[in-house]
Amino acid sequence: MTVESTAGTATAAVPELVQLLTPEGERVEHPRFSLETTPEELRSIYRDLVLVRRFDGEATSLQRQGELGLWASLLGQEAAQVGSGRAQRPGDWAFPTYREHGVAWCKGVDPLNLLGMFRGVNHGGWDPYEKNFQLYTIVIGSQTLHATGYAMGITKDGTDDAVVAYFGDGASSQGDVNEAFTFASVYNAPVVFFCQNNQWAISEPTERQTRVPLYQRAAGFGFPGVRVDGNDVLACLAVTRWALERARAGEGPTLIEAFTYRMGAHTTSDDPTRYRIANELEEWKLKDPIERVKAYLVREGWADQEFFDAVDAESEQLARRVREGVRNMPDPDPSAIFENVYAEGHALVDEEREEYVAYAASFDGSEEVGEGR
Amino acid sequence: MAAEKYSMVKALNEALRRSLEADPKTLVMGEDVGRLGGVFRVTDGLHKDFGDARIIDTPLAESGIMGTAIGLALRGYRPVVEIQFDGFVYPAFDQIVTQLAKMHARALGHVKLPITVRIPFGGGIGAVEHHSESHETYFAHTAGLKVVSPSNPVDAHWMLRQAIASDDPVIFLEPKRRYWDKGVVDPLGEAALPLHAARVARAGKDLTLVAYGPMVKVCLEAAEAAAEDGHQIEVVDLRSLSPVDFDTLEASVKRTGRAVIVHEAPVFLGMGAELAARITERCFYSLEAPVLRVGGYFAPYPPSRVEETYLPDLDRVLDAVDRALAF
Ligand SMILES: Cc1ncc(C[n+]2csc(CCOP(=O)(O)OP(=O)(O)O)c2C)c(N)n1
Ligand SMILES: [Mg+2]
């Protein structure tokens with residue numbers, strides 16, 4: 001596929017939103033982006049979407065049951081995450097926000113790993129080198145710079161790996177994100193900026209962050225930007241693959257704006273009825289990312305009821321495993337507070353650890369502390 | 001309207017409302033402060049009553065919020081900035097330290113920046129990373145900034161009104177774990193104390209507990225518990241961290257001869273370090289024991305399931321009280 005590196009500005013011939021699968025499940029062609037898929041691959045994509053949604057739903061329930069302190073649901077964003085996640089090769093790195101559960105799934109990260117920080121037993125804690133999936137980053141936008149620096153390292157090493165930096169519409173306002181664009185552009189870094197525009201940054205609509213479509217921002221930084229139907233997993237897959245190929249070929253960064261919708265609350269602490277109207281939700285329900293894949297599979301005769309039932313059964317199994325895994329997740333030993341503060345240790349940390357251990361032991365009756373206590 | 005029982009959130013909300021009514025130049029700006037009313041609802045209802053022009057939902061960019069607040073102040077406005085959580089102030093830190101704190105001096109006094117920066121701070125609410133930090137020392141260490149932290153709804157109300165009325169930049173640290181504590185506030189009354197005065201929250205003769213913000217409550221409880229053991233503990237609520245009301249502190253420690261300082265922030269180079277040094281300098285001949293400190297550890301704020309270990313609690317405060325009394 002040949003595509004010129006324009007800023008992706010809409011012309012009469014090229015629609016603004018890249019779509020390969022309509023909400024009704026109809027496969028359509030796009031003049032710039034094509035995709036070949038086998039029925040087997042499509043079934044596998046469908047499975048990913050369903051499992052990721054089921055996992056996410058289970059986590060929301062676990063929060064309601066008090067097993068998690070908080071959950072940031074990806075409901076509605078499954079296609080953006082599964083499409084862009086599946087586009088990556090194992091050697092590629094993903095730099096997520098706190099909502100990229102679907103990307104983690106595609107990278108092969110055990111979903112239970114994601115839940116520790118939401119339960120409050122750690123701050124993430126997984127080894128990012130294991131699946132090339134960086135720790136979740138809560139501070140908005142920070143990770144886009146890390147992704148860019150990592151990509152600069154790839155260039156120095158001369159390999160053809162690439163990086164995907166995830167962020168939201170709200171994050172697009174942060175200085176860090178704009179600095180990441182600048183660095184990536186100047187160093188022609190092999191990084192794909194994948195912005196999930198889910199229309200909301202907590203209570204603020206995207207108009208509060210920008211007066212132009214976000215993908216058009218790329219032009220000013222000197223690299224292409226593309227807006228893709230974020231609820232169309234095939235379009236997200238095709239466009240991310242294309243952007244990753246550009247990166248590998250030394251053509252530098254790309255901005256992808258996945259146009260999607262946050263179907264749930266910002267997090268389980270949020271009450272969206274305070275700031276958005278139900279109508280909006282109803283409209284986006286019609287563009288569900290999973291229903292259209294199912295409709296496509298059925299229309300083409302590539303999947304039967306037995307297949308769908310099997311995926312549902314598997315998703316229930318996953319939910320059970322997650323439920324049990326979370327309930328059995330042990331609280332850390334309090335003295336873990338003093339672990340991993342430094343790579344090479346620190347005298348003050350050691351001293352305070354000892355103080356703490358002695359103090360804690362005083363409650364076991366093994367040592368008397370103070371008078372009259 | 002007479003005195004009413006307010007939560008700290010409501011007390012702050014009412015303070016913002018009164019300040020907005022009193023001075024048309026007063027603005028509220030921050031992330032989600034508009035229709036949502038802020039993630040803690042401190043700005044609830046203000047957008048409806050004062051509109052877009054004065055209750056400003058900003059783009060998601062703390063440096064931008066702080067920098068534009070400075071510009072608005074230069075133009076004669078009086079911005080009250082909300083930073084959503086303690087851990088998210090750092091993108092604005094450059095603007096706060098290099099500009100907000102220093103512009104008045106740079107301009108030889110020709111410029112005033114009457115900006116209030118409200119930050120919910122401290123732990124104890126079971127939150128994820130970056131939502132529980134106590135970074136008061138960074139700000140208190142910066143000349144040009146004033147730093148205060150109320151411990152109860154009444155102080156929250158009056159101190160916020162005083163901070164907004166102040167012509168100096170004020171970092172206003174709200175103890176988020178006390179947001180839902182209740183107190184009787186009369187918005188038509190007047191402030192009992194100037195903004196930067198400390199307050200003896202409980203009188204005693206054996207030892208002075210010094211705290212501010214979230215830890216005042218813990219210290220009052222500790223004093224109560226110690227009373228059962230026959231110890232009369234005085235509690236000084238510092239209220240202002242820069243400037244510190246050292247006179248009130250000195251008078252108290254000279255009475256009691258012992259001091260224990262309590263804060264959530266790490267002990268190492270925390271407010272307690274400065275307070276202990278000053279108390280030692282001013283009260284040396286009255287001291288019966290070294291000034292002790294109870295605080296967070298020198299480690300990142302831990303995951304919520306073990307935060308109770310990190311945070312000073314009744315037991316740790318009483319342990320220090322006992323050690324000081326044992327001298
Ligand atoms: C620097 C910083 N400021 C504020 C916050 C609080 N906060 C968490 S998520 C969020 C909105 C993010 O919106 P967006 O980038 O669109 O991502 P989304 O949550 O919609 O996926 C805000 C303001 C934060 N985490 N970090
Ligand atoms: Mg968003």
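Author: In this predicted model, 27 residues of domain 1 of chain B are in contact with 24 residues of domain 2 of chain B. Domain 1 of chain B supplies 22% of the area it buries against domain 2 from B:Glu136, B:Arg177 and B:Arg178, more than from any other three residues.

Reader: What are the bounds of the two domains of chain B?

Author: Domain 1 spans 4-185 and domain 2 spans 199-326. The C-alpha centres of these two domains of chain B lie 26 Å apart.

Reader: How much area do domain 1 and domain 2 of chain B bury between them, and what part of it is on carbon and sulfur atoms?

Author: The two domains of chain B bury about 1,900 Å² between them, and 50% of this area is on carbon and sulfur atoms.

Reader: Why is the meeting of the side chains of B:Arg199 and B:Asp155 called a salt bridge?

Author: The N to O distance between the side chains of B:Arg199 and B:Asp155 is 3.8 Å. The term requires a side-chain nitrogen of Lys or Arg within 4 Å of a carboxyl oxygen of Asp or Glu, so the pair B:Arg199 and B:Asp155 qualifies. The count between domain 1 and domain 2 of chain B is 4 salt bridges.

Reader: How many residue pairs are in polar contact between domain 1 and domain 2 of chain B?

Author: The count is 12 residue pairs, both residues at pLDDT 80 or more. On the side of domain 1 of chain B that touches domain 2, the elements giving two or more residues are helix H6 (136-140), strand S6 (146-148), helix H7 (153-165) and strand S7 (170-175). By class, that side of domain 1 of chain B has 11 nonpolar, 10 polar and 6 charged residues.

Methods. Residues numbered from 1 in each chain as written. Chains lettered and ligands numbered in written order. Predicted model: local features only at pLDDT ≥ 70, side-chain atom pairs only at ≥ 80, totals over all residues. Heavy atoms only, no water. Domains from an automatic or database assignment. Contact = heavy atoms within 4.5 Å. Buried area = accessible area lost by both parts, 1.4 Å probe. Polar contact = N/O pair within 3.5 Å; in protein donor to acceptor, adjacent residues only side chain to side chain. Helix = DSSP H or I, 4+ residues; strand = E, 2+ residues; numbered from the N terminus. Nonpolar A, V, L, I, M, F, W, Y, C, P; charged D, E, K, R; others polar.
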